[in-house]
Amino acid sequence: MGSEGAAADRLLSWDRVSLVIGLLLLIVGHYQGLFVAPAEAMMGDVGRILYVHVPTAWACMLVYTACFVFAGLALWSGKGKWDAAMEASAEVGVLYNALLLIQGSLWARPTWGVFWTWDPRLTTSAIVLVLFVGVLVLRRVITEPERRLNLGSIAAVLAYAGVPIVYFSVKWWRTLHQPFSSPATVSDSFITPLRLAAFGMIFLGIGLIGLRWRALRREVERELSAPALPAALPTLELGQRGPGGAA
Amino acid sequence: MNEVVEPVATGVITGGWPYIIGAYGLTWAGLLAFLTRAVLLGRARPPESP
Amino acid sequence: MARTPGGPADVLRQIPMILAKDLLIEWRARSRAFALACFALTLLLLFSFAVGADAATLRAHAGAYLWMSVLLSSTLLLAQSLQHEVEGGALDTLTLAPVSPAALFYGKALANAAQLVLLTAVALPPVIALFDAPVKEPLGLLVLVSVLGCAGVAAPGTLYAALTARLASKQLLLPLLLFPLIVPCLLASVKATSLLMSGDPMGQVGSWLGLLLAFDVLYWSLCGLLFGRVIAA
């Protein structure tokens, strides 16, 4: 871990590289989407929100998936680094998710005349946002690092496992037909900015997760290795029987 | 099962630039704010206890 | 022989014991259950006042009011279910005893589900009377919806109650974590109940029952697996 720590402080670390690539791709993608790509046939210029909205949605899904994987790794290994990665990706997921809802509302208003529709995707993303905000709040509230690792990761696993069933229930509950054109059927002038922005959001997400991971990991690993606070002593004694490290 | 909400607009939507600028602007504002926060929190080193 | 907890036979043997223990505790404190039922009924009245005295609107949403009052009361019930264990330090004792965590979870979750079904049964007649919403389809189907719906609330509810039991802000965190998670369960229960009350000519109840069943299977298995980690932490 020592060598990793040294590499972390080098100027060209993977998260900084990813961050810069992401920002550049996003700038080029958004520039093309705003000024180069032609206006959408039905939605006119409002259709340009597509180039910021859809990439955010894809990246958000990927970030939440990463969060689920990290939570599983944290539960399985009991290691602080996965715990920190879980929190970092949950933070970025919540950020993307909140941006997604804002973009969706700003798209819905000129298109349908309302800020909110009970579209399954929109509604699901709102519920998932609340779920992962709950995970972050839970982590803030727990002070003992081992319990925070276990309980936070369990909440994240449960939240992620619920996403498909939330989606299907809302879909059955209210079906709103949203005439999205799939990327396979639209012309290149639409695809290029969409792809650029999508990879931009993904690389940016990786960079942001890495940046937060580094800071959180220092804290979490320091707390996990530090002698427990007096208030946490009873737990530590029980811990001799094996929780935390369990697997 | 439920009423199906059809898009209200029937013709080509014109204008809407305030919404477009809002969507892009708020997205960038959010991303840059998070980035700034992440950088600041990353700089603030806790006292090392080796 | 029974020294190694965790075998399937042991778990199956222990679940009824935990269930009986919890139900006995609740029976001894039945004045609390009575208060909870009164709370659920108060909520039903509040919904009517908030919506207004329009009989048609109230009747159309009777299923929603029933489930919302059960749901809002459920957090109180769920939080109580682990209060004894945490306050008396009994949870540590239970985990030291040769009781498998899975048995502890399923026993507690079954006890909570049973109490929620009872609460639904108590709240149903007032719903029918207050909102003039008689049940048009077979009552057995409504019992099935209520059992599956309450089971859907009880499984993640028991896990989250254990997860938040020792936190200072548990009253805030339990509903914050639980409510968004059980949205599918609430949707399916309300839809199915409303269909059973207003009549179901299209035969749609079946698909909602299927959704409830899928939700129950997912969370009863997942929460049973994770409960051990929650109480060990």
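# Chain contacts, cavities and salt bridges

The model is a predicted one. Over all chains, the whole structure holds 15 salt bridges. A search of the whole structure also turns up 4 cavities of 30 Å³ or more.

**Interface of chain C and chain A**

- Interface size is often stated as the accessible area that is lost when the parts come together.
- Chain C brings 32 residues to the contact, and chain A brings 30 residues.
- Polar contact links 4 residue pairs across this interface, counting pairs with both residues at pLDDT 80 or more.
- On the side of chain C that touches chain A, two or more residues come from each of α6 (90-96), α8, α9 (170-181), α10 (183-198) and α11 of chain C.
- Helix α11(C) gives the largest share of that side, with 13 residues.
- By class, the side of chain C that touches chain A has 25 nonpolar, 3 polar and 4 charged residues.

**Largest cavity**

- Empty space shows up when a probe the size of a water molecule is rolled over the atoms.
- The volume of the largest cavity is about 70 Å³.
- Its lining counts 11 residues, and those closest to the centre are A162(C), L163(C), R166(C), V230(C) and A233(C).
- Both chains take part: α6 (145-173) of chain A, α8 (139-164) of chain C and α11 (205-232) of chain C each give at least two lining residues.
- The lining of the largest cavity divides into 9 nonpolar and 2 charged residues, with no polar ones.

**Second largest cavity**

- The second largest cavity holds about 50 Å³ of space.
- Its lining is made by D22(C), I25(C), E26(C), S81(C), H84(C), E85(C), K108(C), A111(C), N112(C) and Q115(C).
- In chain C, α1 (8-28), α5 (83-87) and α7 (101-131) are the elements that supply two or more of these residues.
- Helix α7(C) supplies the largest share of this lining, 4 residues.
- The lining of the second largest cavity has 4 charged, 4 polar and 2 nonpolar residues.

**A salt bridge in chain A**

- Side chains of opposite charge can pair when their charged atoms come close.
- E87(A) and R139(A) form a salt bridge through their side chains, at 2.8 Å from N to O.
- E87(A) sits in helix α4 (residues 80-112) and R139(A) in helix α5 (residues 120-141), both of chain A, so the pair ties together parts that are 52 residues apart in sequence.

**S194 of chain C**

- S194(C) belongs to helix α10 of chain C.
- Helix α10 (183-198) is also among the elements on the side of chain C that touches chain A.
- Between S194(C) and A62(C) there are 132 residues of separation in sequence, but the C-alpha to C-alpha distance is 7.0 Å.
- With neighbours within four places in sequence left aside, S194(C) is in contact with A60(C) and G63(C).

How values were computed
Residues numbered from 1 in each chain as written. Chains lettered and ligands numbered in written order. Heavy atoms only, no water. 1 Å grid on protein atoms, 1.4 Å probe; cavity = no way out; pocket = protein on both sides within 12 Å on 5 of 7 lines; lining within 4 Å. Points joined across faces, edges and corners; volume = space filled by probe spheres on them. Nonpolar A, V, L, I, M, F, W, Y, C, P; charged D, E, K, R; others polar. Contact = heavy atoms within 4.5 Å. Polar contact = N/O pair within 3.5 Å; in protein donor to acceptor, adjacent residues only side chain to side chain. Salt bridge = Lys/Arg side-chain N within 4 Å of Asp/Glu carboxyl O.
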